[in-house]
Amino acid sequence: MKYLIVTLFLMTVPLLGVTAKKNEMREQDKLMVIWSSGDRDVALKVCFMYTNAAKKVKWFDEVNLIVWGPSAKLLCEDEELQEKLKMMQDNGVVVEACVNCAEMYGVADQLRDMGIDVKGMGKPLTERLKADWKQLNF
């Protein structure tokens, strides 16, 4: 009986280590995609496709798309992009936009109407960078 307990203990210890390591990795399983390009093809064929898949297929637990700069104007002018964005939101992608950029392009209210959180992004971006979020830029 004593050997059985020792054997079970020795078998369990490595598993606990693996579990702790896996949980540690999962805490940082966050992706932010900064979409600043005004290029429609970049949006449709790269940015939106990967961002949506990253959340839908669960490559990352948390996926945030940040609409920054010329992408804000493009999004408000393109219905197909708006439909794709809605699909991403429905799949759990959190969409945010830089308020300063949105106001410069005169599209802040349109973005809000799409369910986008329009706000100052400097501080949230800095906090995420310091927290080791994974980052992609398009």
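View 1. Strands, like helices, are DSSP runs numbered from the N terminus (a strand is E with at least two residues, a helix H or I with at least four). This is a predicted model, so local features need pLDDT of at least 70 and side-chain atom pairs count only at pLDDT 80 or more, while totals for chains, interfaces and linings use all residues. Residues are numbered from 1 along each chain as its sequence is written, and side-chain values use heavy atoms, with hydrogens and water left out. Strand β3 covers residues 94–98 and runs parallel to β2, joined to it by 4 bridges; two strands pair if DSSP finds at least two bridges between them.

**View 2. Strand β2 also pairs with β1, in the parallel sense.** Here 6 bridges link β1 and β2, and L65 of β2 stands opposite V33. Together with α2, these two strands make a right-handed β-α-β unit: with the strands pointing away from the viewer, the path from the first strand over the helix to the second runs clockwise. Is β2 enclosed or open? Since 5 of its 6 residues are buried, β2 is largely enclosed by the rest of the structure. Buried means under 20% relative accessible area, exposed over 50%, and partly exposed in between (1.4 Å probe, protein chains only).

**View 3. W35 and F48 form an aromatic pair.** A search of the whole structure finds 2 aromatic pairs. Rings of Phe, Tyr and Trp (its six-membered ring) pair if their centres lie within 6.5 Å; planes under 30 degrees apart count as stacked, over 60 as edge-to-face and the rest as tilted. Because W35 lies in strand β1 and F48 in helix α2, the pair ties together parts that are 13 residues apart in sequence. W35 is buried, at 0% relative accessibility, and F48 is buried at 3%.

**View 4. S37 sits in the loop between β1 and α2.** At 17% relative accessibility, S37 counts as buried. A polar atom of the S37 side chain lies 3.0 Å from the backbone nitrogen of D39. Leaving aside neighbours within four places in sequence, S37 is in contact (heavy atoms within 4.5 Å) with V42, P70, S71, L74 and F138.

**View 5. Helix α3 spans residues 70–77.** Its buried residues are S71, A72, L74, L75 and C76. Among the elements that cover them are β1, α2 and β2.

Conventions. A polar contact is a pair of N or O atoms within 3.5 Å; within protein, one must be able to donate a hydrogen and the other to accept it, and residues adjacent in sequence count only if both atoms are side-chain atoms.
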